[in-house]
Amino acid sequence: MNVATGLAIGREANPNLAAQAVKQAMHAADISIASSVLLFLTSEFARDPVPALRAAAKAASCTQIMGCCPGIFTEQDWMLDAPAAAALVLSGEVALTHLSTKDASQLLLTLAAPKRH
């Protein structure tokens with residue numbers, strides 16, 4: 001199992017930021033194909049995140065891309081006030097999947113954001 005993160009910061013919300021973050025993470029994990037990607041994008045991507053998701057999927061060579069648009073951080077740095085993307089890549093037997101049955105003994109990853117009024 002290899003897991004690593006990547007962070008890309010730019011001047012505008014460009015899908016290439018997502019691809020760069022994924023490529024950095026994959027390089028750090030020493031993998032060429034990810035089993036899943038947890039992608040975080042800053043709020044500048046919220047209007048149309050699809051191009052960034054597609055860029056991340058292409059860079060990771062996988063379609064298991066999940067994430068959200070709050071602010072972002074990794075163990076390297078954090079960003080709230082500029083367009084940025086952060087990625088956590090998973091490989092090997094570790095992947096993010098949809099649970100078809102609920103098992104109270106399993107840990108669940110939950111992403112949440114405050115409701116804006």
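**Exercise 1. Find the accessible surface of the protein chain and the share that belongs to carbon and sulfur atoms.**

Step 1. The accessible surface is about 7800 Å². Such areas come from the Shrake-Rupley method with a 1.4 Å probe; for residues, only the protein chains shown count as cover.
Step 2. Carbon and sulfur atoms hold 54% of that surface.
Step 3. Now the burial. Of the 117 residues, 38% are buried (buried is under 20% relative accessible area, exposed over 50%, partly exposed in between; 1.4 Å probe, protein chains only).

Keep the origin of the model in mind. This is a predicted model, in which local features need pLDDT of at least 70, side-chain atom pairs count only at pLDDT 80 or more, and totals for chains, interfaces and linings use all residues. Residues are numbered from 1 along each chain as its sequence is written, and side-chain values use heavy atoms, leaving out hydrogens and water.

**Exercise 2. State the confidence of the model, for the chain and by element.**

Step 1. The mean pLDDT of the protein chain is 82 (pLDDT is the predictor's confidence in each residue, from 0 to 100).
Step 2. A score of at least 70 is reached by 78% of the residues.
Step 3. Among the elements, helix H1 (residues 15–29) has the highest mean, 95. Strand S4 (residues 72–73) has the lowest, 66.

**Exercise 3. Describe helix H2 and the setting of Ala59.**

Step 1. H2 spans residues 50–60. Its buried residues include Ala52, Ala55 and Ala56.
Step 2. Ala59 lies in H2. Ala59 counts as buried because its relative accessible area is 15%.
Step 3. Leaving out residues up to four places away in sequence, Ala59 touches Ala19, Val22, Lys23 and Met26.
Step 4. Asn16 is 43 residues from Ala59 in sequence, yet the C-alpha to C-alpha distance is 9.6 Å.
Step 5. After H2 comes Ser61, with a positive phi near 55°.

**Exercise 4. Is Ser36 buried or exposed?**

Step 1. Locate Ser36: strand S2, residues 36–41.
Step 2. Ser36 is buried, because its relative accessibility is 0%.
Step 3. Beyond neighbours within four places in sequence, Ser36 contacts Cys62, Gln64, Leu88, Val89, Leu90, Ala95 and Leu96.

Definitions and conventions:
Helix = DSSP H or I, 4+ residues; strand = E, 2+ residues; numbered from the N terminus. Contact = heavy atoms within 4.5 Å.
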